[in-house]
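Colleague: Could you walk me through reading a couple of features in a model? I'd like the general idea, then the case at hand.

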Amino acid sequence: ATNMSPPGQSQDQRISIASLNDMSHDDFVEAVSPVFEYAPWIASNAWEARPFKDVGVLHDGMVQALKDADRGKQIQFLRGHSDIQVTPEAIDAMTPDLRQEHISAGFDKLSSAQHKRIEHLLSAYRRRFGFPFIAALRGRNAAEILAMAEQHLGNDSTDMELYFAFSEVAKITRVSIDKMVI
């Protein structure tokens with residue numbers, strides 16, 4: 001069963017927090033694991049904290065399940081994500097929501113030199129920390145993302161980068177869960 005509303009379907013088709021609270025473990029994991037798409041174990045671990053008062057508490061519980069995991073599992077989760085895509089071909093191949101975020105940030109208008117610079121920074125970040133640079137694009141432009149990548153590449157602490165990555169994952173997943181659950 002999918003909980004994402006098909007195009008043209010109203011937001012009222014979202015699943016209620018009360019329904020989630022009443023679900024079996026397996027049904028709950030199936031319902032909310034798309035929020036953290038590379039890790040159904042996050043939904044599984046969050047299930048223990050039921051009942052959830054509201055969507056915010058559910059989301060906080062899922063983020064906490066990620067933060068409470070061992071370092072290897074956290075890095076494996078982050079490695080499941082791809083680098084920020086900046087080429088026109090990559091942007092064209094995205095889901096409509098993701099494509100719109102990239103276009104809103106201006107990634108579709110970058111010069112060849114800017115593409116190369118961002119790709120170089122993202123590759124250097126991955127080599128340095130062992131996982132991709134993850135940034136929520138909503139409300140930011142390509143120049144801000146570039147500056148963030150440069151700044152974070154200069155960081156010496158993997159712990160600080162994990163904290164940053166988790167805070168960005170939390171921003172991204174909050175948007176997703178708000179589309180799915182009421």
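Colleague: Which residue forms a salt bridge with aspartate 159?

Modeller: The general idea is that side chains of opposite charge can pair when their charged atoms come close. Keep in mind that this model is predicted. Here the partner of aspartate 159 is arginine 71, with the closest N and O atoms 2.2 Å apart. That pair ties together distant parts of the chain, helix 10 for aspartate 159 and helix 5 for arginine 71, 88 residues apart.

Colleague: And how many salt bridges does a search of the whole structure find?

Modeller: Ten. One of them joins lysine 179 to aspartate 97, at 2.9 Å between the closest N and O atoms. Again distant parts of the chain are linked: lysine 179 sits in helix 10 and aspartate 97 in helix 7, 82 residues apart. There's also a network of salt bridges linking Arg140, Glu168 and Lys171.

Colleague: Is lysine 179 buried, partly exposed or exposed?

Modeller: Lysine 179 has 27% relative accessibility, so it counts as partly exposed. Aspartate 97, at 48%, is partly exposed as well.

Colleague: Now helix packing. At what angle do helix 2 and helix 3 pack?

Modeller: Two packed helices are described by the angle between their axes and the distance between the axes. For helix 2 (residues 25–32) and helix 3 (residues 40–47), the angle is about 130 degrees and the axes are 9 Å apart. That makes helix 2 oblique to helix 3, and their crossing is right-handed.

Colleague: Which residues of helix 2 meet helix 3?

Modeller: His25, Phe28, Val29 and Val32, which meet Pro40, Ala43, Ser44, Ala46 and Trp47 in helix 3. By type, the residues of this contact are seven nonpolar, two polar and no charged.

Definitions and conventions
Residues are numbered from 1 along each chain as its sequence is written. This is a predicted model: local features need pLDDT of at least 70, side-chain atom pairs count only at pLDDT 80 or more; totals for chains, interfaces and linings use all residues. Side-chain values use heavy atoms; hydrogens and water are left out. Axes are lines fitted to C-alpha atoms, for helices over the stretch in contact, and angles run from 0 to 180 degrees between N-to-C directions. Helices (H or I, at least four residues) and strands (E, at least two) are DSSP runs, numbered from the N terminus. Angles under 35 degrees count as roughly parallel, over 145 as roughly antiparallel, 65 to 115 as roughly perpendicular and the rest as oblique. A crossing is left-handed if the near helix is turned anticlockwise from the far one by less than a right angle, and right-handed if clockwise. Contact means heavy atoms within 4.5 Å. Ala, Val, Leu, Ile, Met, Phe, Trp, Tyr, Cys and Pro count as nonpolar, Asp, Glu, Lys and Arg as charged, and the others, Gly among them, as polar. A salt bridge is a side-chain nitrogen of Lys or Arg within 4 Å of a carboxyl oxygen of Asp or Glu. Buried means under 20% relative accessible area, exposed over 50%, partly exposed in between (1.4 Å probe, protein chains only).
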